[in-house]
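Subject: Structure handover

Hello,

Here is the structure you are taking over. Please open it first, then read the notes below it.

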Amino acid sequence: MATDVVPISAAGQHIGNLINVIGVVVDLRPPTLTKRDEYMITFTLCDKTKSLVENGLIVRYFHRIKDDLPEIQGLDDVVVLRNIKMTEFGGKNIAISHFTSSWIVGYQSPIRKEFIIKSSGSKVKATSSEMVTINILREFWKSRGGAASSRGVNPVALPKMEEQNSHKRKFAHIKDLQFDHFYDLMGEVVKTFPGNGSFTIYLTDYTRSPNLHCYEWPNLGERRKDSSEDDRHFYTGRKGNSSSKWSGPFGQYTLQITLWDVHADAARKIVRDGCLLNLKNVRAKRNADGKMEGALHGDRKFPDRVDISVVKDLKDPLVALLSRRKVEYQRRSESERLEYEETLRKESEQIEEREQEEKKEAERLNEYIITRKANGVPSILVGDILNPADINLKETPYINRNYRTICRVVDFLPHKLEQFCVPKEVKPKATHSTVNDYGQIMNVYSDGTRKPAFGDEDDHEGDDDDVPASQRKEWEFKFALLVEGEDGATMRLMVDDKSAQFLLNMDATDLKADPCALAELREKLYILWGDLEERKSRKLKRLEKRKDGTGKEPDSRKRKSTSFKQQSKKRHKSNKNGNEDCTTGDSDDSDDKDENGLIVGRSKYFSALVREYGVKRTNGEGETYWQRMFGLFGVMIKY
C-alpha cells in the first residue's frame with residue numbers, strides 16, 4: 001500500500017504498483033457507463049513537475065455507483081488519489097483505480113469564495129502534509145494563470161486580451177468552449193438537419209475538444225470492445241455511432257448546434273453543406289449524454305435580428321487559419337486512424353485479460369455466498385486485521401470498525417448444530433399496579449412477584465431465577481465460526497442472532513425439537529462450509545471411542561492435543577487478543593486435517609464483512625479488562 005506522494009513526472013517509474021498522487025485537473029470528461037456495468041470518469045492531472053496537459057497524468061476511475069466517483073467540479077480542482085495503480089496503455093502511462101483506492105477533491109466555491117474539500121468517505125481525510133502540498137500547488141497554479149497555462153496560453157497576455165475585448169462578445173475556437181457560456185463562432189458546416197421548428201447544423205473549425213461527441217472512422221465503432229473507455233486521443237465514441245454516411249472530420253472536432261426562431265428560418269434559406277458560417281451569441285451547453293452542443297435562440301428585445309451569416313470574404317485571416325488547420329487535419333488523418341485502430345486492439349486485449357482475471361476470481365470464490373455492499377470498507381487479509389499497523393493493541397485494546405476479507409470456514413462452535421440456537425430468557429412483565437399496606441405503589445408482574453414502582457427497575461429484570469423454564473419459549477442464534485484467510489491466519493467470528501438471521505434467512509427455534517428446521521439449517525450451512533460438519537462429526541465419534549472407562553481422555557491423547565495447540569499457535573501467532581481456537585484437536589485424523597491440525601473440508605473462500613468490538617471481562621484477580629472480539633455481518637447464503 002502506497003504511503004508517500006509521487007510527483008507526476010515520476011509516476012511512470014511505478015508501472016504495476018499502487019501510488020499516491022496530488023494534482024490539478026486540466027482536462028475532464030463526464031462519467032460514462034462501461035459494458036461491465038461500471039461508471040468511469042476520465043481526467044488529467046498536472047503538478048509542478050508536469051504542467052502541460054499533453055504531459056499530464058491521465059486517470060481513469062471506476063466505480064459501480066456513479067455518486068461514488070470523484071466529485072470533480074471542473075478544471076483547476078485539486079485531486080488527491082491514494083492507492084491508484086499505474087499501468088501502460090496505448091504507449092502512454094495512465095493511472096486506473098484499484099479496489100483500495102480513495103480520493104479527495106478540493107475546489108473553490110463560486111458562491112462563498114471558500115475552498116471546499118470532499119472525499120470518498122467520511123473517514124477519508126487529508127493529512128497535514130497533504131494539505132501543505134495542496135496549498136502550495138494551488139498557489140503555484142494560480143500564479144501560472146490556471147488551466148489556460150496548461151494548454152500553452154501565455155497568462156501574462158490574458159488580462160490585456162480581456163481588457164481589449166471587454167466590450168465585445170467573446171470569439172472562440174471550438175477547443176476553447178466551456179459549458180454555459182456564450183460565444184461567437186466561425187466554421188465549416190459539415191452537415192445540416194432540418195427539424196420541426198428548428199434547424200440543426202454540424203460545425204467544425206478543425207480544433208478538437210474533449211467535451212464533444214466523437215465520430216469514429218467507418219467500421220471501427222463495431223469493433224470497439226468497450227465503447228465507454230477512451231484512448232490517448234480521447235476519441236470516446238459509442239458503439240453504433242459511427243456511420244458510413246459521415247464524411248468527417250472524425251474524432252472530437254464537430255459541434256452540433258441547434259438553431260431556433262428566426263435563425264432557423266434564415267438557415268433553411270442560406271446554409272448548405274460545406275459553406276463557411278458566422279454565428280453570434282451561441283450558448284455552449286451539456287446534452288443528455290454529457291457531451292457539449294450549441295444552441296442559438298431568438299433575441300426577445302430584437303426578435304427580427306438574425307445572428308447567422310455566410311462568410312463571403314475568403315481573405316479573412318480567420319478563414320486562412322481554418323483552411324490551414326483543415327489541411328493539417330487531412331494530412332495526419334490516416335496516420336491517426338491507424339494508430340487509433342491499434343489502440344482499440346490493445347484496449348480490447350486489456351479488457352479481455354481483465355475479464356479473465358475476474359472470471360478466475362469468481363470461480364475461486366463461493367458464488368452462493370452474497371456479501372452486502374459496504375462502500376468505504378477496506379478489504380484486507382485476516383492477519384492484517386488481527387495485527388493492525390495503525391494502532392498499538394497494548395494501549396488501545398480494540399477499535400469499533402468494519403473490514404472486508406476473503407476467508408473460508410475451517411471449524412465452528414458449538415460442535416453440534418442442535419446447539420446453534422439457545423433459549424432467550426423471557427423477563428416477567430408488569431401487568432398492573434397496586435398499593436401495599438404502607439401506601440407504597442407496587443408493580444405486580446406476570447409471575448406474581450411485586451416490586452416497588454419507583455425502585456430500581458433492573459433489580460427485577462436481573463433476577464433470572466424467578467422465571468420458570470416453561471416461560472423460556474423464545475430462541476436466538478448464537479454460534480462462532482473459525483475462518484482461515486488467504487494468508488493462512490485464522491480468526492474466530494461470533495455470529496449473533498441478527499447476523500445469523502441475515503446469513504441463513506430463517507428464524508431461531510428449538511433445533512432439538514424441530515427436525516425440519518435442523519435439516520434446513522444443515523443444508524444451508526453445507527453451502528457455506530461444505531462437508532466440514534460431516535468430517536467433524538466423524539472425528540468426534542472417534543474421539544468418544546478412544547476415551548477410557550473413566551470418561552477421561554488418555555494421557556497419550558492429551559499429549560497429542562497439546563502438541564497440536566502449540567503447532568497451531570506457532571503457525572497462527574496472530575490469533576491472540578481473544579481469538580481462541582475452535583478446533584477439537586484430534587491430531588490422529590490425518591485424513592480429516594491439514595498439516596496444522598485444522599479440519600480439511602471442501603469449503604470455498606468467500607467475501608465476508610467483519611466488525612470489530614470489545615467485551616469487558618474480569619480476570620481471576622477481579623481486575624476488569626477489554627477483550628478484542630470480531631463478528632460476522634452482512635453475509636447471506638443464497639439458497
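This is a predicted model: local features need pLDDT of at least 70, side-chain atom pairs count only at pLDDT 80 or more; totals for chains, interfaces and linings use all residues.

**Overall**

The protein has ten helices and 25 strands. It has 639 residues, and 43% of them count as buried. Take the contacts between residues at least 6 apart in sequence: 69% of these join residues at least 24 apart.

**Strand 23 and its partners**

Strand 23 covers residues 606-618. Strand 15, residues 402-413, pairs with strand 23 in the antiparallel sense, over six bridges. Arginine 404 has leucine 609 of strand 23 as its bridge partner.

Strand 23 also pairs with strand 24, residues 624-633. That pairing is antiparallel too and runs over ten bridges. Here glutamate 612 has phenylalanine 630, in strand 24, as its bridge partner.

**Glutamate 612**

Is glutamate 612 buried or exposed? It counts as buried, because its relative accessibility is 3%, and the cut-off for buried is under 20%. Its side chain makes a polar contact of 2.6 Å with the side chain of tyrosine 403.

Which residues does glutamate 612 touch, once neighbours within four places in sequence are left aside? They are Tyr398, Ile399, Asn400, Arg401, Tyr403, Arg628, Met629 and Phe630.

**Salt bridges**

The count of salt bridges comes to 23. Three of them are worth a look.

- Aspartate 265 and arginine 268: their closest N and O atoms are 3.2 Å apart. Both residues lie in helix 3, residues 261-270. They sit three residues apart, about one turn of the helix. Aspartate 265 is partly exposed, with a relative accessible area of 43%. Arginine 268 counts as partly exposed as well, at 34% relative accessibility.
- Glutamate 328 and arginine 331: the closest N and O atoms are 2.3 Å apart. Both lie in helix 4, residues 317-364, and again the spacing is three residues, about one turn of the helix. Glutamate 328 is partly exposed, with a relative accessible area of 33%. Arginine 331 counts as exposed, at 58% relative accessibility.
- Aspartate 531 and arginine 535: their side chains meet in a salt bridge of 3.0 Å, N to O. Aspartate 531 counts as buried at 6% relative accessibility. Arginine 535 counts as buried at 12%.

There is also a network. Salt bridges that share partners join Asp390, Arg401, Glu612 and Arg628 into one. Glutamate 612 therefore counts as buried, at 3% relative accessibility, and belongs to this network.

**Helix 9**

Arginine 535 brings us to helix 9, where it is one of the buried residues. Helix 9 covers residues 532-546, 15 residues in total. From its first C-alpha to its last it reaches 21 Å, close to the 21 Å expected at 1.5 Å a residue.

Which residues of helix 9 are buried? They are Leu532, Glu533, Arg535, Lys536, Lys539, Leu540 and Leu543. These residues lie on the same side of helix 9, because they cover an arc of only 160° around the axis. On the other side of helix 9, Lys541, Glu544 and Lys545 are exposed.

**Helix 7**

Helix 7 covers residues 497-504. Its buried residues are Asp497, Ser499, Ala500, Leu503 and Leu504. They cover an arc of only 160° around the axis, so they lie on the same side of helix 7.

What do the buried residues of helix 7 pack against? Several elements: strand 20 (474-477), strand 21 (479-485), strand 22 (490-495), helix 8 (515-529), strand 24 and strand 25 (635-637). Just after helix 7, asparagine 505 takes a positive phi of about 55°.

Best wishes

Conventions. Residues are numbered from 1 along each chain as its sequence is written. Side-chain values use heavy atoms; hydrogens and water are left out. Helices (H or I, at least four residues) and strands (E, at least two) are DSSP runs, numbered from the N terminus. The expected span of a helix is 1.5 Å times one less than its number of residues. Buried means under 20% relative accessible area, exposed over 50%, partly exposed in between (1.4 Å probe, protein chains only). The arc is that of the directions from the helix axis to the C-beta atoms. Two strands pair if DSSP finds at least two bridges between them. A polar contact is a pair of N or O atoms within 3.5 Å; within protein, one must be able to donate a hydrogen and the other to accept it, and residues adjacent in sequence count only if both atoms are side-chain atoms. Contact means heavy atoms within 4.5 Å. A salt bridge is a side-chain nitrogen of Lys or Arg within 4 Å of a carboxyl oxygen of Asp or Glu.
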